[in-house]
Amino acid sequence: MAALPYRLASDGSLEILVLSSRETHRAVIPKGWPMKNRKDWKSAQIEARQEAGVIGEISRKRLGQYLYWKRFDTHFSLVKVSVYPFAAKRQLDDWPERHERVQTWLSPDDAALLIDETELGALIVEFTQSASWQKVVASQFSKAKSKSSATKAAARQDMLSHLPMSAAG
């Protein structure tokens with residue numbers, strides 16, 4: 001399973017987080033194997049934190065799936081990966097794989113082009129053309145609006161300050 005981290009840039013455009021794989025340095029999104037006693041979406045959320053250091057809200061509904069060839073020491077194996085949209089709210093200062101990967105926020109088109117897996121690229125493009133990510137951002141904003149008038153401005157500012165994170169490496 002995998003997380004598809006996305007955020008709003010300061011200009012309001014959508015960005016996708018792409019990171020390098022540890023061994024081959026290919027462009028990937030945070031992904032891993034299912035975790036015992038955890039739902040796939042929860043495992044994907046944990047992978048996003050461990051591999052990319054991002055915290056946010058993950059969809060419990062799968063965006064789609066893609067296939068890729070996983071390289072093992074002695075062979076390759078075809079693996080099916082379920083992808084869950086992940087609204088990134090903030091970047092941690094430190095996380096387990098920080099020094100093992102390079103990461104960057106890209107436009108959806110650039111992310112889709114950079115990633116080798118064509119099915120994953122197609123999922124990224126499909127996601128950006130859907131209203132899914134817009135609904136998440138709108139719901140975050142409406143949650144902030146529903147707070148008491150004394151905390152509305154602070155909540156809105158806090159939410160906005162976490163959306164446009166700076167690219168980390």
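Is Glu51 buried or exposed in this chain? At 6% relative accessibility, Glu51 counts as buried, where buried means under 20% relative accessible area, exposed means over 50%, and partly exposed lies in between, with a 1.4 Å probe and protein chains only.

The model is predicted, so local features need pLDDT of at least 70 and side-chain atom pairs count only at pLDDT 80 or more, while totals for chains, interfaces and linings use all residues. Residues are numbered from 1 along each chain as its sequence is written, and side-chain values use heavy atoms, with hydrogens and water left out.

## The chain as a whole

The chain contains 5 helices and 7 strands. These elements are DSSP runs numbered from the N terminus, helices being H or I with at least four residues and strands being E with at least two. Read from the N terminus, their order is β-β-β-α-β-β-β-β-α-α-α-α.

The chain has 169 residues, of which 46% count as buried. Its accessible surface comes to about 9500 Å², and carbon and sulfur atoms hold 50% of that area. Such areas come from the Shrake-Rupley method with a 1.4 Å probe, and for residues only the protein chains shown count as cover. Among the contacts with a separation of 6 or more, 68% join residues 24 or more positions apart; a contact means heavy atoms within 4.5 Å.

## Strands S5 and S6

Strand S5 (residues 64-71) pairs with strand S6 (residues 76-91) in the antiparallel sense, over 8 bridges. Two strands pair if DSSP finds at least two bridges between them. The two strands form a hairpin with 4 residues between them. Within this pairing, Gly64 stands opposite Val83 in S6.

S5 and S6 each supply at least two residues of the patch. One of its members, Leu67, is found in strand S5 and counts as partly exposed at 37% relative accessibility.

Strand S6 also holds Gln91, which counts as buried at 16% relative accessibility. A polar atom of the Gln91 side chain lies 2.8 Å from the backbone oxygen of Ala52. The backbone oxygen of Gly53 lies 3.2 Å from a polar atom of the side chain of Gln91. A polar contact is a pair of N or O atoms within 3.5 Å; within protein, one must be able to donate a hydrogen and the other to accept it, and residues adjacent in sequence count only if both atoms are side-chain atoms.

## Salt bridges

A salt bridge is a side-chain nitrogen of Lys or Arg within 4 Å of a carboxyl oxygen of Asp or Glu. By this rule the count comes to 7 salt bridges. Arg22, Glu51, Glu97, Glu100 and Arg101 are linked in a network of them. The table gives pairs from this network.

| Pair | N to O distance |
|---|---|
| Glu97 and Arg22 | 3.9 Å |
| Glu51 and Arg101 | 3.5 Å |
| Arg101 and Glu97 | 2.6 Å |

The side chains of Glu97 and Arg22 meet in a salt bridge. Glu97 lies in the loop between S6 and strand S7 (103-106) and Arg22 in the loop between strand S2 (14-20) and strand S3 (27-28), so the pair ties together parts that are 75 residues apart in sequence. Glu97 is buried, with a relative accessible area of 11%, whereas Arg22 counts as partly exposed at 44% relative accessibility.

The side chains of Glu51 and Arg101 also meet in a salt bridge. This pair links distant parts of the chain, with Glu51 in helix H1 (residues 40-52) and Arg101 in the loop between S6 and S7, 50 residues apart. Arg101 is buried, with a relative accessible area of 11%.

## Ser21

Ser21 is placed in the loop between S2 and S3 and counts as buried at 10% relative accessibility. The side chain of Ser21 reaches the backbone nitrogen of His25 at 3.0 Å. Leaving aside residues up to four places away in sequence, Ser21 touches Arg26, Val28 and Arg101.
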